[in-house]
Amino acid sequence: MAQVIAATVLPDEAAPPADTADDTLGPYVCRESDGTAAIHLMVENMHCGGCVQRIESSLQAMPGMIEARANLSARRLRLRWREDALQPAGLVARLNEIGYRAIPFDPDALRDLRAEEERMLLRCLAVAGFAAGNVMLLSVSVWAGAFADMGPATRDFLHWISALIALPAIAWAGRPFYGSAAAALKARTLNMDVPIALAVVLTAAMSLWETARGGPHAYFDAGITLLFFLLIGRYLDSRARSRARSAAERLSVLNAAAARVIGANGERMVPARLLRPGMVVAVAPGERIPADGRIETGTSEIDTSLITGETMPHPAHPGADVYAGTINLSGALTVTVSAADEDTVLAEIVRLMEAAEARRSRYVRLADRAAGLYAPVVHLAALVTFLGWAAVGGMAWQPALMIAVSVLIITCPCALGLAVPAVQVVASGRLLRGGILVKRADALERLATVDTVAFDKTGTLTLGRPRLANTGAVDDAALSLAARLAAASRHPLCRALVEAAGGAAAMAGVHETPGCGLMARIDGDGETRLGSRAWCGIEEDDGTGTGPELWLARPGVPPVRFAFADTLRADAAETVAALRRQGLAVILLSGDREAAVRAVAEELGIDDWHAACRPQDKVARLEALAAAGRKVLMAGDGLNDAPALAAACVSISPADAADVSRTAADLVFQGEKLGAVVEALSCACAGRRLILQNFALAVGYNLVAVPLAAAGLVTPLIAAAAMSGSSIAVTLNALRLRLARGAIAP
Amino acid sequence: MTVLVWLIPAALFLGSIGLAAFLWALRSGQFEDLDGAAERILYDDDPPGKEDKAR
C-alpha cells in the first residue's frame with residue numbers, strides 16, 4: 001500500500017540526524033572510501049530536456065563535481081563529488097539559484113521487488129521475441145515448402161531446429177505464467193494463467209512428439225508467439241503499475257515537510273518524520289504544524305480546515321493542543337511534540353478508515369471476471385473435442401489430442417491478456433499528461449461504474465485558501481495602500497490581499513505584532529494600521545463579522561473592512577454542471593457549518609447537501625448510498641474525508657490534500673482545475689467501452705475459430721495467422737484511446 | 001538444400017547478437033530514463049569532463 005511507500009522513503013529512522021550545518025541532507029549522503037560522496041535528489045520542476053541540460057551543466061561546472069546525472073522520467077538527480085571540495089548544502093543552494101527545488105531521498109528505500117520483476121519480464125519478453133522471430137522464419141519456409149516440393153527430410157530438419165530454439169525459450173520465458181498458474185492450482189482456483197500455461201506446455205509437448213515421428217504439423221511457432229504476445233501484455237501491465245507507483249512516491253517525497261527543531265545550540269531542520277516526543281519545534285506564521293503537540297509559547301490563530309473542513313480559524317494560546325497538518329496563521333509558535341498516542345485525531349481517523357475499508361465490498365477486475373468464465377469454457381471445449389474425436393469419432397488418441405491442443409491454442413486469450421493492459425496503459429498515460437495520477441491498478445475500471453459523485457467542500461470544491469471577497473466595496477486607493485502594508489507579512493490574509501491588488505511592493509518601516517496586525521507611519525501622518533478589529537480600535541458590532549476579515553485604519557479616514565472568503569475553484573460550477581449532464585447525481589458532504597455549506601450548495605445548484613458532518617457521518621452516508629446500490633465517487637482532501645475516501649467505491653483527491661487522504665485516494669489530481677474529475681471519468685468510461693469492445697471482438701473471433709479448430713481444420717499456418725490477427729486487432733482497438741478527442745493539454 | 005546447414009546457424013548467430021545486445025543494454029541501465037535519453041541527443045555541446053563518466 002501507498003502508506004508503506006510513504007514510510008519507506010526516508011532512511012533508517014533509528015539513525016539520529018547528524019548535527020552539522022547541512023543535517024537535512026546528512027542522512028542521505030552516502031560516502032565512499034575513496035573520498036567521494038553521492039546523493040540522490042528528487043527535482044520537482046524538471047520538465048524537459050532543457051531543464052536536464054541546465055541542471056547538469058551548471059552542477060558539472062562546480063569544482064569537485066564528478067558526476068551529475070538527471071533522470072527525466074523519474075525526475076531524479078544523482079550527484080557524485082569529491083568530499084574535500086564541496087558541501088552538499090552548496091549543491092542544493094546552487095539548484096535553488098537556477099530555480100529548481102530539490103529534495104533528498106534514499107534510493108534503496110524506493111527500490112523494491114517489483115522493479116526487479118519488471119526487468120525479469122523484459123528479459124523474458126526479449127528471449128520470447130527472439131525465439132518467436134526465428135521460429136517463424138523457419139515456419140514460413142515449411143509453409144512455403146508445402147506448396148513447392150520440400151522433401152520430408154528437410155521439413156523434419158527445420159522442425160528439429162525450431163524445437164531446439166522454441167523449447168528452451170518456452171521453458172525459460174514462460175516462467176511468469178507457470179508460477180502464477182501453479183499458485184492458482186494450489187489454491188484450487190482457476191486464473192487466466194492456467195489455460196495459458198496449459199496451452200503453451202501442451203503445444204510444445206505435442207509438437208515435439210509430432211516432430212519425433214516425422215509428422216507434417218508442428219505448432220512451435222504458435223506456442224512461442226502466444227507467449228510473446230502475452231508477455232507484452234504482462235509487461236505493459238507491470239509498467240503502468242510502476243509508473244503510478246513512482247508518481248505516488250514522488251508526491252510523498254515532495255510533500256514530506258521539514259520541521260525547525262529548537263535544540264541546545266540553536267535551530268536545525270529535521271524531516272517531520274524524525275520528530276520525537278519532547279522535541280520543541282518552531283512554527284512561523286503561514287507554516288504547517290509538523291506534528292501533534294502542545295503550544296509552549298506564542299499566541300496565534302490556527303486554520304484547521306484540513307482536519308475539520310471548517311473555514312473559520314481557531315484562536316490558539318499556550319497550553320492548547322495542536323494537530324499535524326493544521327496551519328499556523330498569525331503569530332510565531334513553539335510547540336512541544338507530544339507522543340503519537342491512541343487519542344489523537346489522526347489515530348481516530350485511521351481507525352475509522354480501516355473499518356470503512358474492511359466493510360467495502362471487494363471489486364473484481366473485468367479481466368479476472370472474464371477469465372473466470374473463459375478458463376472453464378476453454379478447458380471444456382478442448383476436452384469435448386478430444387473425447388468427441390477419440391471416443392465417438394474412433395480416432396487414435398494422439399491425433400485427437402493434437403486437435404484438442406489446437407483448440408487451446410486458437411482460443412488465444414489476447415483480448416484479456418494483451419488488450420486490457422494496453423487500454424490501461426494508454427488511459428493512465430493520457431491522464432498522467434493531464435496531471436491526474438492513477439494510484440490503484442483497478443481504479444479506472446471502478447471509476448467507469450460510478451453513478452454518484454460526492455464532494456467535500458473546503459479544499460475540494462473551494463481552493464481552501466482565503467480570497468478577498470468584497471472587492472466591490474473597497475476603493476482602489478485603500479486596497480493599494482493596504483496591499484503595500486500587507487506585502488510585509490506572510491499571513492495568509494495579507495497574501496490574499498496582495499494577490500487581490502495584483503501585487504505590491506512592501507512599504508518600508510512596517511511593524512508586525514503577531515496575532516494582531518501591522519502598523520506603519522506614513523509621512524509623519526500618524527499611524528496607519530492593518531489588522532484585526534481590536535488592533536484598529538473599532539468597536540464590535542454585529543452583522544458584518546461572519547468570516548475572516550482585516551481592517552485598515554488611517555488617521556482621519558473611516559476604517560475600511562476587507563472581508564475574505566474561501567472561494568470556489570474557478571471551474572467548480574462548470575464541473576458540477578458537466579457531471580449532471582452525464583446523468584450523475586451530485587451530493588455535497590461537508591464538515592463546515594450549515595450557513596457556509598448552504599451558500600456553496602446554492603451557488604452550484606446542488607440540492608442534496610449535508611453540513612456539519614463528522615467523519616463517521618460521511619462514511620455512514622456513503623455506506624447508505626452503497627447499500628442502495630449506488631456507486632459513489634468521493635472527492636475530498638481533508639483528514640476528515642479520509643475515512644469517506646476509503647469507504648467510497650472510488651475516490652479522488654487534490655495533490656495538496658492531507659497525507660492520509662492522498663494515500664487513501666485512488667486517484668490524485670494536480671493543479672487548481674476541478675475539471676480533472678470530469679476528465680478522469682470520461683477517460684475511464686472510454687477505456688471501459690474499449691475493453692468491452694475487445695471482449696466482443698474476442699468472442700466473435702472464437703465463435704468462428706473454435707468450431708474450425710474442433711473440426712480439425714486448423715493447420716499451423718491458420719493457427720499462427722488467426723492468433724496474430726486477433727491479437728493485433730484488439731491491440732489496435734485499444735490504442736484508439738490515444739486518438740480520442742478531448743485529450744487534455746499538459 | 002545443404003546450404004541450410006550454414007545458413008540457419010548464421011541466421012541464429014546474427015539474431016543472438018541482437019538479443020545479447022538488448023540484454024546488455026537492459027543490464028547497463030539504458031532503459032531507465034527513456035524520456036531523458038530522447039532529449040540528450042539534441043545537446044550540441046557536451047560540457048568538458050563529461051567523457052569520463054562511463055556508466
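The legends below describe close-up views of a predicted model.

**View 1. Domains of chain A.** The domain assignment divides chain A into four named parts. Domain 1 covers 1-110, and domain 2 covers 258-341. Domain 3 is built from two segments, 436-463 and 569-682. Domain 4 spans 465-568. Taken over C-alpha atoms, the centres of domain 2 and domain 3 of chain A are 29 Å apart.

**View 2. An open sheet in chain A.** Six strands of chain A make up this open sheet. Their order is β7-β6-β8-β14-β9-β12, with antiparallel pairing. The edge strands of chain A are β7 (266-271) and β12 (321-322). Each has a single partner strand, so one side of each has no neighbour in the sheet.

**View 3. The β8-β14 pairing of chain A.** Strand β8 (residues 280-283) and strand β14 (residues 333-337) of chain A run antiparallel. Four bridges join the two. In one of these strands, β14(A), Leu333(A) is the bridge partner of Val283(A).

**View 4. Where chain A touches chain B.** Here 23 residues of chain A are in contact with 21 residues of chain B. On the chain A side, the elements giving two or more residues are α2 (49-60), β3 (65-71), α5 (113-147) and α6 (152-173). The most comes from α5(A), with nine residues. By class, this side of chain A has 11 nonpolar, nine polar and three charged residues.

Terms used. Residues numbered from 1 in each chain as written. Chains lettered and ligands numbered in written order. Predicted model: local features only at pLDDT ≥ 70, side-chain atom pairs only at ≥ 80, totals over all residues. Pairing = 2+ DSSP bridges. Contact = placed C-beta atoms within 7 Å. Nonpolar A, V, L, I, M, F, W, Y, C, P; charged D, E, K, R; others polar. Domains from an automatic or database assignment.
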